[in-house]
Amino acid sequence: MSSENLWEVFVQSEDGAPHEHAGSVRAADRELALQNARDVYTRRGKVFSVWVVRADEIVATSPDERDCFFDPSNDKIYRHPQFYKVPRGVKGL
Amino acid sequence: MRTADNRLILGHRISEWCGHAPMLEEDIALANIALDLIGQASSFYTYYGKLEGKTEDYYAYRRDAGEFQCIPFVELPRGDFAQTIARLFLWASFDVLYLENLTSDSDQEIAGIAARSLKESKYHLRHSAEWVLRLGDGTKESHEKIQNSFNYYWPYLGGLISSNQSLKGLFFENVSKHLSKATLKTPTAELITSNNHSEFLEPLLAEMQFLPRKYPDAVW
């Protein structure tokens with residue numbers, strides 16, 4: 001099967017939670033992709049919603065771009081929020 | 001009891017695909033469906049077991065073919081993928097109506113089992129219905145295979161509807177509507193009303209019951 005048949009699966013465990021990448025499935029079309037995702041990734045545990053996205057529709061960085069994309073993010077300490085105290089009672093931060 | 005036996009035997013037939021389905025995702029889908037059906041049988045057996053003082057394992061593993069009340073429709077071999085899908089589609093089309101009816105049963109426990117099973121059966125219907133569309137309206141070969149599969153199972157529907165005449169009209173209406181959507185012909189063959197077991201039940205039981213028969217003291 002070609003990469004056209006590859007779908008990435010995102011699973012949301014509860015209302016308001018982020019859809020997290022669970023894995024991928026092969027399927028010939030949208031409906032079967034959704035059903036396959038349901039069968040492969042949601043049969044154990046709590047699930048609120050599932051997304052499937054055609055893998056070739058995802059725009060991704062390439063490994064050689066890593067340096068210019070991500071390296072500068074870790075060398076400036078003031079970008080990190082650890083100087084702030086988290087107010088009491090704030091959850092899910 | 002008949003509905004429990006039907007679920008167990010059909011579940012076993014579908015479980016035969018485990019490790020053999022045309023692709024990994026469908027393998028898992030069919031195994032899920034088989035497990036759903038066997039789970040439904042287990043719920044019904046547990047219910048009867050309480051009335052008769054027996055365990056669910058007794059019903060599944062300690063009875064001979066003659067004591068099973070399942071119908072030939074579920075006993076027939078799984079055949080190829082098209083046959084499996086055609087039978088599952090017919091089964092689920094009927095089962096959704098059957099269970100919907102059963103959710104208003106006067107026995108609360110039966111109504112509860114029906115409500116839980118109904119959610120699963122609706123998915124079985126959705127999954128098999130989508131495959132019927134794709135095989136029917138797919139290639140010439142897939143069209144022929146699924147059409148032949150419907151022709152093959154059709155007469156055995158007699159067993160499924162014989163004790164549920166009130167669902168018959170809606171069932172045939174739903175099925176033929178979907179078949180024509182899938183560019184398929186609704187078979188016109190006459191229905192078989194006898195529910196005598198087919199020759200396929202005994203070999204199935206021999207395989208399914210082998211372990212508890214050989215090792216009667218085995219525990220889970």
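1. Let's start where the two chains meet. The contact draws 10 residues from chain A and 7 residues from chain B. On the chain B side, two helices each put in at least two residues: α2 (24-52) and α6 (108-136). The largest share of that side comes from α2(B), with 4 residues. By class, the chain B residues touching chain A split into 3 nonpolar, 2 polar and 2 charged.

2. Keep in mind that this is a predicted model. For the complex, the predictor reports a pTM of 0.85 and an ipTM of 0.76. Chain B comes out with a mean pLDDT of 93, and 100% of its residues reach 70 or more. For chain A the average pLDDT is 86, with 91% of the residues scoring at least 70.

3. On to the make-up of chain A. You'll find 3 strands and 2 helices there, and along the sequence they follow the pattern β-β-α-β-α. The C-alpha trace of chain A spans about 50 × 40 × 15 Å along its principal axes. What radius of gyration does chain A have, and what would a compact globule of 93 residues have? Chain A has 18 Å, but the globule would be near 12 Å.

4. Two helix pairs in chain B deserve a look. A packed pair is described by the angle between the helix axes and the distance between those axes. Take helix α1 (residues 2-15) of chain B with α2(B) first: the axes lie 8 Å apart and the packing angle is about 155°. The two helices, α1(B) and α2(B), are therefore roughly antiparallel to each other. Is their crossing left-handed or right-handed? For α1(B) and α2(B), it is left-handed.

5. If you want to look at side chains in that pair, here is who is involved. From α1(B), the contact uses T3(B), A4(B), R7(B), L8(B), L10(B), G11(B), I14(B) and S15(B). From α2(B), the residues include L30(B), I33(B), L37(B), F44(B) and Y45(B). Sorted by class, the contact of α1(B) with α2(B) has 13 nonpolar residues, 4 polar and 1 charged. Recall that α2(B) also gives 4 residues to the side of chain B that touches chain A.

6. The other pair is helix α5 (residues 81-102) of chain B with α6(B). Their axes come within 7 Å and cross at roughly 145°, and the crossing of α5(B) and α6(B) is left-handed. The contact of α5(B) with α6(B) has 17 nonpolar, 5 polar and 3 charged residues. As with α2(B), α6(B) supplies at least two residues of the side of chain B that touches chain A.

Note on methods
Residues numbered from 1 in each chain as written. Chains lettered and ligands numbered in written order. Predicted model: local features only at pLDDT ≥ 70, side-chain atom pairs only at ≥ 80, totals over all residues. Contact = placed C-beta atoms within 7 Å. Nonpolar A, V, L, I, M, F, W, Y, C, P; charged D, E, K, R; others polar. pLDDT = per-residue confidence, 0-100. Axes fitted to C-alpha atoms, helices over the stretch in contact; angles between N-to-C directions. Parallel < 35°, antiparallel > 145°, perpendicular 65-115°, else oblique. Left-handed = near helix turned anticlockwise from the far one by under 90°. Rg over C-alpha atoms; globule rule 2.2 N^0.38 Å.
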